[in-house]
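Look over the structure below, then read on.

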Amino acid sequence: MQSALEELIEVMQKEGFAGSMAIDEEVIGFSWGYKVPEENTTRVDFVAIRKQLELAKFDPEKAFYGADLGVKLLYRQQGLGTMLLANIGMHGYDAGVFRTKNPAMLRLMRKTYGQEALSFPEESAYKDGRVYVFKVEL
Ligand SMILES: CC(C)(COP(=O)(O)OP(=O)(O)OC[C@H]1O[C@@H](n2cnc3c(N)ncnc32)[C@H](O)[C@@H]1OP(=O)(O)O)[C@@H](O)C(=O)NCCC(=O)NCCS
């Protein structure tokens, strides 16, 4: 299994990589993502995601994939996740794309971006995974 550091090094190579980190002597939270790629990865069916975006009249070239958001247990429920998500930096994108099955994550996304424009199942990495697409206000 890939460590968080190995994953970060891998995703940092991706086109449009952007992220933010919260530090309190050590890393206590992080959030990162990249432009929706053309090819599938081992964990995400981006080809299917691009098709759904096109059907909903979003330009996949202007879609950002929010790959990860995490806050250390002791620091949760204090607004840090919301701050990290807001600081991810989606400038120049029309859509924010996230996959989750976590109700806290969904609540946080809706608080930040409003109601999703569309959502659909995406279970290539885990059961009950669902992709949510939000219109990003410029
Ligand atoms: C999801 C996560 C990042 C939220 O971080 P956080 O710092 O607690 O988020 P915030 O404090 O900004 O809370 C955001 C909202 O989610 C709600 N929330 C947080 N944890 C919740 C929980 N366990 N159940 C329900 N709602 C929850 C909060 O109530 C808050 O809404 P409110 O302000 O309207 O009350 C954090 O729980 C986490 O790291 N989870 C594990 C990793 C994960 O699943 N990440 C998502 C991967 S897709």
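Leaving aside neighbours within four places in sequence, glycine 129 is in contact with Arg99, Lys101, Glu122 and Glu123 (contact: C-beta atoms, placed from the backbone, lie within 7 Å). This is a predicted model: local features need pLDDT of at least 70, side-chain atom pairs count only at pLDDT 80 or more, and totals for chains, interfaces and linings use all residues. Residues are numbered from 1 along each chain as its sequence is written.

Glycine 129 sits in the loop between strand 5 (118-121) and strand 6 (130-135). Helices (H or I, at least four residues) and strands (E, at least two) are DSSP runs, numbered from the N terminus. The C-alpha atoms of glycine 129 and threonine 100 are 5.4 Å apart, though 29 residues separate them along the chain. Glycine 129 counts as partly exposed because it has 16 C-beta neighbours inside 10 Å (buried: 20 or more other C-beta atoms within 10 Å; exposed: 12 or fewer; partly exposed: in between; C-beta atoms are placed from the backbone).

Now the strand pairs. Two strands pair if DSSP finds at least two bridges between them.

| Strands | Sense | Bridges |
|---|---|---|
| Strand 1 (residues 18-24) and strand 2 (residues 26-35) | antiparallel | 7 bridges |
| Strand 2 and strand 3 (residues 63-71) | antiparallel | 7 bridges |

Methionine 21 has phenylalanine 30 of strand 2 as its bridge partner. Glycine 33 has glycine 66 of strand 3. In the hairpin of strand 1 and strand 2, glutamate 25 takes a positive phi near 70°.

The largest nonpolar core has 26 residues (a set of buried Ala, Val, Leu, Ile, Met, Phe, Trp, Tyr and Cys residues joined through C-beta atoms within 7 Å). Strand 3 gives the most to this core, with 5 residues.

Definitions and conventions:
Two residues are in contact if their C-beta atoms, placed from the backbone, lie within 7 Å.
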